[in-house]
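Here's a quick briefing to read alongside the structure. Have a look at it first, then go through the notes by topic.

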Amino acid sequence: SALLRANRVGDGLVDGERKPFYVTVKRKPGIQQARMQLPVCAEEQTIMEAINNNAVVIICGETGSGKTTQVPQFLYEAGYSHPDSDNPGLIGITQPRRVAAVSMSKRVAMELGLTEHEVSYQIRYDATVSPKTRVKFMTDGVLLRELAQDFLLTKYSAIVIDEAHERSLNTDILIGVVSRVLRLRAELSKEDQEKVKPLRVIIMSATLRVSDFTLNKTLFDKPPPVLKVDARQYPVSVHFNKRTPDIDHVTEAFKKIRKIHTRLPAGGILVFLTGQNEISVLCKKLRKKFPPLSPKASARQRAVEKEKEALEEKKEVVTAKNAEVEAEDLELGEGEIDKNVDLEDFDFDEDTEDEEGFTDEEEEQEPDAPLHVLPLYSLLPTAAQLRVFDDPPPGTRLCVVATNVAETSLTIPGVKYVVDCGKVKERRYDSTTGVQSFEIGWTSKASADQRAGRAGRTGPGHCYRLFSSAVFDNEFEQFSTPEINRMPIEGVVLSMKSMNIDTVTNFPFPTPPEREHMAKAERLLAYLGAIDSDTKRVTELGRTMAMFPLSPRFSKMLLIGQQHDCLPYVIAIVSALSVGDPFIKDYHLDDARPGDSDDGGSDNEDVARREVKEIRREEVAEKERRKLARRMYYKVQTKHAGLDPTSDILKLLNVVGAYEFAGATEKFCEDNFLRPKAMDEIHKLRGQLTNLITTNLPGVDVLVDPRMCPPTPIQLRALRQILAAGFIDSVALRADLASAGAAGKGRKFKSTRGVPYRVMWSDEDAYIHPGSVLYHDSPPEMVVYQEVFKASRVWLKGE
Ligand code: ADP
Ligand code: MG
């Protein structure tokens with residue numbers, strides 16, 4: 001275990017002068033050695049000096065240079081968070097992604113030799129924080145909510161805002177809010193300043209594009225210093241495709257990986273795709289083509305490798321002791337050297353390679369070499385995510401197939417080849433109509449370059465771009481759009497208002513949202529009663545709503561859920577809605593597929609045909625699920641009638657209840673096509689919300705037993721009303737009734753298929769999504785929907 005020693009140095013200082021404070025950490029030799037290779041470690045002194053002398057410091061450094069893992073350790077060693085130091089408050093680090101918050105806290109705990117209770121994480125569904133916590137990794141959303149309770153951030157001595165270049169909605173807001181916190185802390189009286197020590201803010205970015213922070217005069221009084229960490233980035237040769245292929249990029253990626261694996265020297269492959277479905281498809285294909293080692297073979301390999309290692313260790317010892325014996329082990333040593341020479345020779349020669357970087361067009365020879373294929377995306381269970389950091393089994397080549405999680409948040413060791421599809425799946429949001437869509441489109445030049453850079457961390461590397469240089473030059477934007485212009489923002493607007501930032505338009509946004517976007521958020525908050533519609537100030541209700549880690553609609557539902565003893569059900573429903581769809585599906589209609597957003601060449605008819613085919617498949621799966629939804633409560637609790645199956649949201653409640661009754665097991669999830677991780681998160685969020693309510697709303701008792709009885713008919717009616725109140729602006733009227741002349745008459749329909757609806761803000765026809773339980777029923781006159789999504793059509797989801 002780690003040896004910790006705190007000592008004050010500089011005892012000769014005049015009284016009152018700040019005495020430097022150091023915490024000595026004894027790290028394992030291997031860890032220490034690896035750290036010393038990291039570029040940020042060479043800059044430790046400069047970085048700490050800047051932090052000690054400035055309230056805000058910006059650190060820019062290539063991904064993998066050690067910012068996230070090392071800067072918190074610098075602070076820790078400099079006495080930050082030590083109870084006896086001048087800066088006893090916590091060290092807080094924010095991340096835009098949950099994956100990163102969890103894995104980075106584990107890594108830092110390990111490097112410092114501390115427990116997860118000392119170096120902890122907090123994300124919405126999970127936390128390891130304890131009274132002993134000194135370093136806390138969290139998502140940016142978690143810190144935003146803490147700000148609503150404690151605007152001065154009195155618990156913290158340092159806040160590190162990481163991945164600022166990603167321009168996530170919450171990170172942008174955090175930077176704005178923290179700039180105000182600093183001002184307020186500086187304006188405190190001397191007395192209070194004694195109690196609330198100065199706060200240090202460190203903003204970290206993987207790119208040098210920080211002018212939105214430094215030049216924004218409303219943000220910081222004087223531009224903060226920008227420290228550039230020179231990363232030892234090895235050259236990466238970028239190879240464009242000759243043409244941008246017509247076939248989908250998954251197939252194209254597969255071909256490229258096959259070529260790399262069968263022809264090119266050792267080195268990990270990192271593949272960038274756009275989403276979970278694509279990743280699963282490619283992983284399956286790769287595993288089929290290059291089967292992983294059987295456990296037996298892998299054990300054998302490991303034994304051989306171990307023997308080798310032992311030999312080598314012996315060799316080292318022997319070399320040191322006695323040079324004469326060296327000859328004995330030379331065989332192995334030479335073998336190693338030979339391999340290295342090979343590697344050098346194999347490096348591409350710019351002159352001879354073709355555009356794709358492959359000089360050899362002969363029939364490929366498939367070797368037996370197994371490929372160690374690992375997926376990486378945010379919905380993957382944490383343990384599976386962390387596998388990318390382990391060494392691949394000996395004798396295999398690592399191949400990680402990832403979303404843009406691997407672009408800057410996580411550095412995967414040993415990557416030499418990057419295969420980049422050049423696309424990204426992004427949430428778009430039309431602020432006038434409220435229509436959301438997930439679209440796959442070209443990523444930006446900046447992010448494509450980030451992806452390429454992943455190949456050059458451990459040595460010279462190669463990046464294969466599955467698109468042409470013409471497309472890159474002409475169709476890629478320079479930078480990605482900040483998230484604030486791509487997301488509904490009522491949540492952050494409410495957070496800000498509950499911090500008494502009333503005139504949100506004056507807020508120092510790094511990139512201000514469009515006026516209409518802001519107005520729409522305020523309008524919704526006023527509908528929900530969270531802000532006063534005239535003064536636009538937060539109401540008592542709004543303040544309470546802001547306490548919950550939920551979108552304002554869901555908070556509103558919780559707060560009116562006390563009627564008719566509905567609260568446990570509402571908690572279950574909003575938990576499920578917040579976590580997201582727990583059903584496993586092969587197809588997501590709302591996921592755009594390659595054809596949808598491809599450049600002009602894409603064939604719309606083809607897209608439509610494909611979509612129809614997928615709808616059919618959806619239908620089959622959906623029938624199964626509907627049976628399931630009707631069955632569940634009958635099965636687990638025969639005394640009660642089953643739930644009304646005419647609502648997707650009540651279906652969710654049904655599933656949550658049945659899951660708990662069955663003992664909340666993974667087996668139950670498997671049997672019923674549910675994602676275990678989602679069900680577990682729903683379970684945790686329910687517990688968390690129940691706690692929040694019992695501790696913050698005096699007099700409200702919530703059933704603590706997660707197994708609820710199914711609701712009574714009266715409760716069901718109340719639940720429907722509560723849902724309608726939360727989705728007050730999301731009511732769609734059947735189009736035939738919406739047009740004035742036809743009012744009251746209405747046509748007769750057999751099913752909702754192809755029956756158009758009208759939503760409040762848009763003139764476009766919208767249709768009930770085939771995934772809805774309503775899809776097969778006769779179309780109701782009105783539906784309350786959860787989301788409007790645009791794919792080939794505008795779909796209403798979650799009725
Ligand atoms: P940055 O934040 O500048 O992108 P990091 O601090 O994340 O850099 O990474 C520094 C180094 O630590 C990288 O080489 C990375 O591979 C390594 N590293 C980070 N997390 C882990 C982990 N869980 N296991 C092994 N190595 C890791
Ligand atoms: Mg980082």
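Helices here are DSSP runs of H or I with at least four residues, numbered from the N terminus. With that in hand, α4 (67-77) and α5 (98-112) each put at least two residues into the shell around ligand 1. Keep in mind that this is a predicted model.

**Around ligand 1**
- α4 gives the largest share of the shell, 4 residues.
- There are 15 residues around the ligand, and K67, T68, T69, F389 and T411 come nearest.
- By class, the shell splits into 10 polar, 3 nonpolar and 2 charged residues.

**The sheet**
- You'll find an open sheet of 6 strands with parallel pairing, ordered β11-β18-β15-β12-β14-β13.
- β11 (236-241) and β13 (371-376) sit at the edges with a single partner strand each, so one side of each has no neighbour in the sheet.
- On average, neighbouring strands are turned by 15° against each other, ignoring direction.
- β15 (residues 415-420) and β18 (residues 461-468) run parallel and are joined by 4 bridges; one pairs D420 with R465 in β18.

**Helices on the sheet**
- α10 packs on the sheet, touching β12 (268-272), β13, β14 (397-402), β15 and β18, and its direction makes about 150° with that of β18.
- α16 (residues 445-453) lies across β11, β12, β15 and β18, at about 150° to β15.

**α10 against α11**
- The axes of α10 (residues 249-263) and α11 (residues 276-289) come within 10 Å and cross at roughly 35°, in a right-handed crossing.
- On the α10 side, V250, A253, F254, I257 and R258 meet E278, V281, L282, K285, L286 and K289 of α11.
- That contact has 7 nonpolar, 4 charged and no polar residues.

Notes: Residues numbered from 1 in each chain as written. Chains lettered and ligands numbered in written order. Predicted model: local features only at pLDDT ≥ 70, side-chain atom pairs only at ≥ 80, totals over all residues. Axes fitted to C-alpha atoms, helices over the stretch in contact; angles between N-to-C directions. Left-handed = near helix turned anticlockwise from the far one by under 90°. Contact = placed C-beta atoms within 7 Å. Nonpolar A, V, L, I, M, F, W, Y, C, P; charged D, E, K, R; others polar. Near = placed C-beta within 6 Å. Pairing = 2+ DSSP bridges.
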